[in-house]
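Subject: A structure for you to explore

Hi there,

Here is the structure I promised to pass on. Have a look around it first, and then read my notes below.

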Amino acid sequence: MGPPAPAWPAWWATTAAALLGVGAHLSNVLPDIEDDLATGVRGLPQWLDRRTCRWLAPVVMLTAVGVLAAGPPGTVGATGWALTGAAVAVAVAGTAVRSGPRSRWPFRAAVVVAGIAVARLLPLAPDMT
């Protein structure tokens with residue numbers, strides 16, 4: 001008898017992780033876009049520009065939180081809704097608060113949203129396969 005067949009992660013866990021990564025990347029490059037362009041870095045965030053990245057990052061990250069709320073089997077529950085509401089508030093604050101071009105505030109907000117998503121994900125760990 002061999003080892004058990006490997007199980008694939010749930011679609012919603014993989015999708016949420018990918019969306020969180022994209023959102024964090026879009027937020028992380030904000031302070032450096034001009035430097036990146038000056039040195040020849042031409043990735044998706046540089047192609048999109050600072051303003052687009054600043055507004056797209058929270059949308060992508062909130063989509064991840066939405067996937068975590070809607071994807072797993074069962075009901076969201078009060079804690080899930082509270083975490084989702086907190087993620088929305090932080091993501092909106094990350095883009096709505098005025099900050100300079102080199103500010104790390106949007107990235108810090110993205111990290112908090114990612115942390116909230118992980119907090120939402122941890123109780124679901126047994127359902128991820």
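Predicted model: local features only at pLDDT ≥ 70, side-chain atom pairs only at ≥ 80, totals over all residues.

**The cavity**

How many cavities of 30 Å³ or more does a search of the whole structure find? The search finds one. The largest cavity holds about 80 Å³ of space. Its lining is made up of 14 residues, and the closest to the centre are Ser27, Pro58, Ala91, Pro106 and Ala110. Helix H4 (50-70), helix H5 (77-96) and helix H6 (105-121) are the elements that give two or more residues to this lining. By type, the lining residues divide into ten nonpolar, three polar and one charged.

Serine 27 deserves a visit of its own. You will find serine 27 in helix H1 (residues 11-28). Is serine 27 buried or exposed? Its relative accessible area is 4%, so serine 27 is buried. Not counting residues up to four places away in sequence, serine 27 touches Ala57, Pro106, Phe107 and Ala110.

**The chain as a whole**

Now zoom out. The C-alpha atoms fill a box of roughly 60 × 40 × 15 Å, taken along the principal axes. Of the chain's 129 residues, 35% count as buried. The accessible surface comes to about 7500 Å², and 70% of that belongs to carbon and sulfur atoms. Among contacts between residues at least 6 apart in sequence, 73% join residues at least 24 apart.

In soluble globular proteins, nonpolar side chains tend to be buried together. In this model, the largest nonpolar core has 16 residues, and Trp12 and Val113 touch the most other members. The elements that give two or more residues to this core are H1, H4, H5 and H6. Which element gives the most to this core? That is H4, with five residues. Apart from this core lies another one, of eight residues, among them Leu26, Cys53, Ala57 and Val60.

Leaving aside its neighbours within four places in sequence, valine 113 is in contact with Met61, Val65, Ala87, Val90 and Ala91.

**Where the helices meet**

- Glycine 23 lies in helix H1. Its relative accessibility is 0%, so glycine 23 counts as buried. Glycine 23 touches Ala57, Val60 and Met61, not counting residues up to four places away in sequence. Glycine 23 and leucine 56 are 33 residues apart in sequence, and their C-alpha atoms are 7.6 Å apart in space.
- Leucine 62 is found in helix H4. Leucine 62 is partly exposed because its relative accessible area is 23%, and buried would mean under 20%. Setting aside neighbours within four places in sequence, leucine 62 is in contact with Ala87, Val88 and Ala91. The C-alpha atoms of leucine 62 and threonine 84, 22 residues apart along the chain, are separated by 8.4 Å.
- Glycine 85 lies in helix H5. With a relative accessibility of 38%, glycine 85 counts as partly exposed. Between the C-alpha atoms of glycine 85 and valine 65, which are 20 residues apart along the chain, the separation is 9.7 Å.

Most residues other than glycine have a negative phi. Aspartate 49 sits in the loop between helix H3 (44-48) and H4. At 36% relative accessibility, aspartate 49 counts as partly exposed.

Enjoy exploring, and write back with any questions.

Best wishes,
Your colleague

Terms used:
Residues numbered from 1 in each chain as written. Heavy atoms only, no water. Helix = DSSP H or I, 4+ residues; strand = E, 2+ residues; numbered from the N terminus. Buried < 20%, exposed > 50% of the residue type's maximum accessible area, 1.4 Å probe, protein only. Contact = heavy atoms within 4.5 Å. 1 Å grid on protein atoms, 1.4 Å probe; cavity = no way out; pocket = protein on both sides within 12 Å on 5 of 7 lines; lining within 4 Å. Points joined across faces, edges and corners; volume = space filled by probe spheres on them. Nonpolar A, V, L, I, M, F, W, Y, C, P; charged D, E, K, R; others polar. Areas by Shrake-Rupley, 256 points an atom, 1.4 Å probe, with all protein chains shown as cover. Core = buried A, V, L, I, M, F, W, Y, C linked by side-chain atoms within 4.5 Å.
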